[in-house]
Amino acid sequence: MPKLTIDNLEVTVPEGTNVLEAARELDIVIPHFCYHEALGAVGSCRLCAMMFVDGPVTGLQMACMVEAQDGMVVSSTDPDAIELREHVIEWAMTNHPHDCPVCDEGGECQLQEMTVAGGHGVRRYNGKKCTFTNQDLGPFVQQEMNRCITCYRCVRTYRDYCGGTDYGVFGSRNRIQYGRFQEGTLESPFSGNIIDACPTGVLTSKPFRFKTRLWDLQEAPSICPHCSLGCATIPGGRYREVQRVKAGINRETHGFFICDRGRFGYDHVNHQERPRQARVDGQPVAVAAALTAARERVAGMAREHGPNSIAFLGSSRASFEGSVLLRDWAAATGSQQLVYEAHQGRDHAARTLAARLGEHGRSLEDLRQSDLIVLFGADPLAEGPMLALAIRQAVRNGGKVIVIDPRPVELPCAASHLPLAMERLTDVLTALAQKDLHAFDNHEHAFLENLSEQFDSAQRPVLIGGADLLGGKGVDALCSTAAQLSSAECAVGVMTMLAGPNSYGGALLAGDGPDFDTILDAIQEGTIRALVCLESDPFREAMDPSRAQAALGHLELLVSFDATPGLAAQRADIFLPTRANAEMAGSYMNNEGRLQAFQAVIDPGLPISETGAGNHPPREFFQTTPGSAPEADWWLLAELLERDTTLAALRKTIEQSDECFVGLSAIDAESTGLRFSAQGSLPPAAEQDLLQTGVTDALKLLAITGPVGSHWLAHLSSPLAATQPKPYVVLHPEQAEKLGLSAGDRARLTTHFGHCHVVIRTDEKMVNGLILAPQLWDTALEGMVPGSMLDCQLEKEGKA
């Protein structure tokens, strides 16, 4: 590793580190604008000038463009370097307005910091400034173009890193402008990252605009709850509401950026219909009384009907600590009816992954370095957008991407696509493992033979699967194929997209217990009489919601712990309000088995915007904070079990009782997390057939996860409401032509759920003969649970 001297201080840095980063290791601030660790160096702003006094490079150089080498002697305080930086920052400020008091960037403005660091404090230019007309870039990003210093960071983030195509740079010299060719909503699902990337107030968050000065925000490191990847975030709150989320940094997972769902999907914390009051038999009670009622009624049911008359249902949304305590409550009751996912396919996929992943697990950082990525039944932009961004970085580094899927999977990079029916995905995996492709037609055979050859030459291949389409059997085949294709020289990696932030943790804790369909059978038979739900809504999340609702109606006791306004929370005999993840400390285990901690940002309570009816300060005062009853899921369960209710003590107890989780008490919210090698148990062998209605001449419909509108927490967030599409279905153009349909037509879709009106979309990259329908909450397509196959009919109505 090279050793160099900067301002008379020695530092040793890894190979490939530039001098700007080396100076940062010594806490020496070198002014800069265009450089960003994720984007790399281009040397365009000319602000990071340093004098290279001795060594392989000498003279005045841009620090971001020079790689640190052994023996370098560098000065940031050389008079020539200081003078150049002063001139450069003065040029950058020539057209910049004096509007800091009303700028939303004030408080974390890199321009303010670098102007001071660059030595510029007096404006000498008295001429006419160059001004621009702002563009409307949609519901997420606010543009104030007059503040621009032309650092190019936004374009490099949006186009180069994130793969967007509808935002760029126009003009020349001092007429440079950034934006779209025409006004309109930014199309990239990563558009919000230009807010973080912009060092000035040109691009700011529109939902957060003029809400709070940044120095008044309460912030803490957290984990995004919207998928299973475990991206680090930094929520900011004030006045008892979460007001914004920005990207945290975790080099092992998402890196420096996050998706728009993670950035703008925070409003579920503030939702007006969020239940905040404990209830027993429909009557509001104190939390302590509800806990006592839950403890006594569950114990009474166990005494009267046996411990297995009570089932316990966890969730991928629950914290890892809360999930452990749910297992402990089941064990204390004597019940073996414990499951952590209401959706059978997702449950089987998660448990199979936890049992089979082993050394084949890969992080997003590993994925960014991969030279061959093959996706089987995985749609990253819908199931975990930052996975798509990691795939793009692999392509930028020279990797290749293959997609095998019945859906028209979109990626922000080049990829080869083979459309295959969902039920054939497992066959392809088996054939690749055994190198036996005789069962495929000519086109498929040639495609898969080429893929097999690429595996032979790849150095860092990764197989990616999706839980919705693969299920338990498919994930088992994915892991088996990776094992068989691996060699001593080249290990094949595996990554699987799961349902939520703690799906993997729940799968480890589930053991070999039953799946939720088995529990529904027992409820209908009368052997299970009570159900405890932790952050779960089985009325909507089960593989067949209509069957689940019919079965759950037979329960004698329903206990629900939740922070969202689901049906289980509404119908529960005993309800206990929990905190959202921004209101509590805890941890999640992501889809590679990495346990990551998060901290509380705000305490729960009705936002002042609600209690004051828009007025501040409020005109009414209370002895307790309105809406402050919710507690952390683990705190409620620890209190119910009469355990120590401090998080540190709880984590130590978990470590002591299960050696698989040693290290839990040491995890830190600002670290990259701790990857556990614990192995779970395989799910029950029997897996139900996909749902059918028995109509022989019907069309086949596959319910899928859509990029927008299919995710429960995101659906509850008002900033994302503007992006919610109207109900639609997707067909192959040839299938649409057979039905007399074309893109844009309105049609009537009939399934066993009933009739609904949809808009027709077509895509030639999908499997012909199949209809795709996304689950869209609070619409007629709400019952389209991803991964289920239905019979349907589709009839034309007219143009949308």
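Predicted model: local features only at pLDDT ≥ 70, side-chain atom pairs only at ≥ 80, totals over all residues.
1. Residues are numbered from 1 along each chain as its sequence is written, and side-chain values use heavy atoms, with hydrogens and water left out.

2. How many disulfides are there? The count comes to 0, where a disulfide is a pair of cysteine sulfur atoms within 2.5 Å. For Cys34, the closest cysteine sulfur belongs to Cys45 and lies 3.7 Å away, too far for a bond. For Cys130, the closest one is in Cys148, at 10 Å, which is also too far.

3. Next, have a look at Val19, which sits in helix 1; helices (H or I, at least four residues) and strands (E, at least two) are DSSP runs, numbered from the N terminus. Val19 is buried, at a relative accessible area of 0%. Val19 and Met72 are 53 residues apart in sequence, while their C-alpha atoms are 9.5 Å apart in space.

4. Two backbone angles deserve a glance. Most residues other than glycine have a negative phi. Arg46, not a glycine, has a positive phi of about 65 degrees; Arg46 lies in the loop between helix 1 (19-25) and strand 3 (49-54) and is partly exposed at 41% relative accessibility. Tyr152 also has a positive phi, near 70 degrees, in the loop between strand 6 (141-143) and helix 4 (153-161), and is partly exposed at 32%.

5. How do helix 17 and helix 19 meet? The axes of helix 17 (residues 516-525) and helix 19 (residues 545-552) come within 9 Å and cross at roughly 40 degrees; axes are lines fitted to C-alpha atoms, for helices over the stretch in contact, with angles from 0 to 180 degrees between N-to-C directions. The two helices are therefore oblique to each other (under 35 degrees is roughly parallel, over 145 roughly antiparallel, 65 to 115 roughly perpendicular, the rest oblique). Residues making the contact include Phe516 and Leu520 of helix 17 and Arg547 and Leu552 of helix 19.

Methods
Contact = heavy atoms within 4.5 Å. Buried < 20%, exposed > 50% of the residue type's maximum accessible area, 1.4 Å probe, protein only.
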